[in-house]
Amino acid sequence: MPQRVAAPQGAQGVIGTLRGAIGSFGKRVSGDRATRSRSRLNGPFYLPQLLAALLIVAFGAVVIYTASLTIAEASFVRQLAGIAIGLVCAWGMYRYDYRALANMSTALLVADVVLMLLPSVPGFGVSAMGMTGWVKIPLVGLRFQPSELAKLVTIFLMASLGAEYNGRIDSLRDYLKLCGILVVPFVLILTQPDLGTGLIVLVTGASIIICSGAKRTWVIATIAGIVALAAIVVATSMTEGLPHLLKTYQLNRLIVFVDPSVDPSGDGYNLQQAKIAVGSGGLLGKGFGNATQAAGGFLPEAHTDFVFALLAEEFGFVGSVVLLGLFATMILSTILLAQRVESPFGKLVLAGCATMWSFQLLQNVGMCIGIMPITGIPLPFVSFGSSSMVTQLTSVGMVQSVWHHIVKAG
C-alpha cells in the first residue's frame with residue numbers, strides 16, 4: 001500500500017519538474033523572441049526614413065551628373081563633395097544627443113540672428129544672383145550660405161520654445177510671443193533679400209507653433225492677417241508713389257504666375273520652358289543624358305531651381321513618380337516616428353523636419369509645372385548646391401538622432 005502511494009507521488013514530482021522546466025524554457029524562448037523583436041524595432045538606425053533619403057540623394061546625384069555633361073556650372077565633383085560633407089554632418093548629428101538643445105532657446109535665437117547677419121559683415125559676405133546671402137570660408141575659399149544652416153537652428157529654436165507648453169498653448173500672449181520670435185529670423189533673411197528661404201523658415205516655424213498646441217481660431221486669424229498683409233505689399237509694390245517692398249524680379253514672378261505671357265523673355269519664358277521639359281519627358285523619359293531642353297540651353301537653371309524639370313525630361317512620368325514616392329516615404333515615416341516619440345521636444349523637431357521637406361518639395365515641383373510661383377527654393381537632396389545638400393543631410397541626422405536616443409532612453 002505505501003509503495004502504491006509513493007509511486008504516484010514520484011510521478012507527480014517528475015511531472016511537476018518537467019512542467020517547471022518546460023515553463024522555464026517557454027519563458028526563455030518568449031523572452032528571446034521579445035528581445036529580438038525589440039532589437040529589430042529599436043535598431044541603431046530608423047531605416048524607413050534613412051533609406052528613402054539616401055535613395056533620393058543617389059537619384060539626385062545621377063541627375064546632376066547628366067546635367068554636368070552639358071552645363072559647365074554643374075560640377076559633379078562639387079556635388080559629391082557636398083554629399084560627403086553632408087554625410088559627415090549627418091553622422092555627427094546622429095551621434096549628438098539632440099535633447100541637450102531642449103533648454104537652450106536663448107542661445108539658439110542668438111545663433112539664428114548671427115547666421116542671418118553674417119553675410120552683412122564686411123569681408124565675409126559674398127553677393128551672387130542679386131543677393132548677399134553667402135559667406136566665404138577663410139583659408140578654404142569655399143562659399144557657404146548661412147541661411148541654409150539657419151533653417152535647422154530655427155527648427156530647434158521653435159521646438160525648444162514650443163515644448164514648454166506640453167502640447168497646449170492656453171494663453172494668447174504666449175502664442176503671440178512664439179510668433180514674434182519666429183518673425184525675427186524671417187525679417188532678417190528678407191534683408192538679404194531671400195524671400196524663398198524666408199518662406200521656408202516661416203512655414204516650418206509656423207507648423208511647429210501649430211503642433212505645440214495653438215488654438216485653431218488663433219491660427220486662422222493669423223493666416224488671414226498674413227494673406228491681407230501680403231495683398232497690401234503686392235498692391236503697394238505695383239503702385240507708383242507708394243513704398244515698393246517687393247523687388248522688381250519678385251513682383252514679376254508673382255505676375256508671371258498669374259499670366260506667363262506678361263514676361264515672355266524673362267520669368268514667363270523660364271516657366272514655359274520648364275513646362276515643355278516636363279511634358280516632353282512623356283511616360284519613360286528621353287533617357288539618360290538626353291534632356292534636350294537643358295542641353296540646348298533652353299531650360300534655365302536646369303541644375304538648381306528647375307532640376308525637377310530636367311529629371312522629368314530624362315526619366316519621364318515614371319521617374320518623377322519614383323522620386324515623389326521616395327519623398328513620401330521619407331516624410332510619412334518621419335511623421336509616424338513623431339507619433340511614437342513621447343518627448344514634446346522630439347515630436348516638434350520631427351514635425352519641423354517633415355514640414356521643411358514637404359514645403360520645399362511642393363514649391364519646387366509646383367513651380368516647374370506652373371501651380372506655384374517661381375522662387376529660388378531648391379529641391380531637397382537633388383538640386384545642385386553644397387550648402388543645401390549639407391543642410392538637408394544634417395536634417396536626416398536630426399531624425400536619426402531622435403530615433404537613436406529613444407533606444408538609449410529604453
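Which residue forms a salt bridge with Glu-313? Select Lys-286: the closest N and O atoms of the pair are 2.8 Å apart (a salt bridge is a side-chain nitrogen of Lys or Arg within 4 Å of a carboxyl oxygen of Asp or Glu). Glu-313 lies in helix H12 (residues 307-340) and Lys-286 in the loop between H10 and H11, so the pair ties together parts that are 27 residues apart in sequence. Helices are DSSP runs (H or I, at least four residues), and strands are runs of E of at least two, numbered from the N terminus.

This is a predicted model, with residues numbered from 1 along each chain as its sequence is written. Local features need pLDDT of at least 70, side-chain atom pairs count only at pLDDT 80 or more, totals for chains, interfaces and linings use all residues, and side-chain values use heavy atoms, without hydrogens and water.

Colour the pair by accessibility: Glu-313 is buried at 0% relative accessibility, while Lys-286 is partly exposed at 30%. Buried means under 20% relative accessible area, exposed over 50%, partly exposed in between (1.4 Å probe, protein chains only).

Next, select Glu-148 and Lys-151, whose salt bridge has its closest N and O atoms 2.9 Å apart. Both residues are buried. They are 3 residues apart in helix H5 (residues 146-162), about one helical turn.

Move to Arg-99 and Asp-97, a salt bridge at 2.9 Å between the closest N and O atoms. Arg-99 is partly exposed at 34%, and Asp-97 is partly exposed at 27%.

Last, select residues 315-338, which the unreviewed UniProt entry includes under "transmembrane region"; such annotations may be inferred rather than shown by experiment. This span is 100% helix and 0% strand, with its end C-alpha atoms 33 Å apart.
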